[in-house]
Amino acid sequence: MSVFTQIIEGTIPGRFAYEDDVCVAFATVEPITPGHMLVVPRQEVAKYTDLDEQTWAHLMTVAQRIGKAQIEAFSVPRSMLIVAGLQVPHTHIHVIAATSEQDILFANARSDVPASEMDSAVQAVRTALVKLGFGQYVPTSMNELDEHRKSGQPQPA
């Protein structure tokens, strides 16, 4: 079981901005810029090339939503994507608020970001998602997925 599956299942803490029945978006523990998020499918598939096309297309839609929220939240000109990660065998898309291409270098990742700054950045993304009309996908709690989604049950109508 990957560390991302454990975060999705709630056995390892995470800071969530987005969730639906196919995927979640949560903060990375080593952000390159404030609000750096990972879009991760619930289904544990090691390589994005092994995902079915429908799931991959959905992940890209969600990454775009997260990117729009980052632009809104951090007043940056762009949001950029990286599909990388050999360390965790679970497909994930890095969505990074950016002012230049230097903002997508993993060499700039920080592991010393205070929890309060991480929380503030994730809350800014959550707030922007609501403002942009995606509030139904923002979990009630930043630190826990809504129970019906965590359990894999369909969303209530």
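Student: How do the residues of the lining of the second largest pocket divide into nonpolar, polar and charged?
Tutor: They divide into eight nonpolar, four polar and two charged. Here Ala, Val, Leu, Ile, Met, Phe, Trp, Tyr, Cys and Pro count as nonpolar, Asp, Glu, Lys and Arg as charged, and the others, Gly among them, as polar. A note on the source: this is a predicted model, where local features need pLDDT of at least 70 and side-chain atom pairs count only at pLDDT 80 or more, while totals for chains, interfaces and linings use all residues. Residues are numbered from 1 along each chain as its sequence is written, and side-chain values use heavy atoms, with hydrogens and water left out.

Student: What makes a residue part of the lining of a pocket?
Tutor: On a 1 Å grid over the protein atoms alone, a pocket is an open set of points where a 1.4 Å probe fits, with protein on both sides within 12 Å along at least five of seven lines; a lining residue has an atom within 4 Å of a point. The second largest pocket has 14 such residues, and P31, T33, P34, G35 and V113 lie nearest its centre. Helix 3 (residues 115–131) gives the most to this lining, with five residues; helices are DSSP runs of H or I with at least four residues, strands are runs of E with at least two, and both are numbered from the N terminus.

Student: How much space lies in the largest pocket?
Tutor: About 570 Å³, a volume being the space filled by probe spheres set on the grid points, which are joined across faces, edges and corners. Of its 25 lining residues, F4, T28, V29, E30 and L38 are the closest to the centre. Helix 1 gives the most to that lining, with three residues.

Student: Why is T55 called buried?
Tutor: Buried means under 20% relative accessible area, exposed over 50%, and partly exposed in between (1.4 Å probe, protein chains only). T55 has 12% relative accessibility, so T55 counts as buried. This residue is found in helix 2 and touches V22 and P41, not counting residues up to four places away in sequence; contact means heavy atoms within 4.5 Å.

Student: What makes a set of residues a nonpolar core?
Tutor: The set must hold buried Ala, Val, Leu, Ile, Met, Phe, Trp, Tyr and Cys residues joined through side-chain atoms within 4.5 Å. The largest such core has 26 residues, and Y18, M37, V39, I66 and L129 have the most contacts inside it. A second, separate core of ten residues includes F4, I8, L38 and L145.
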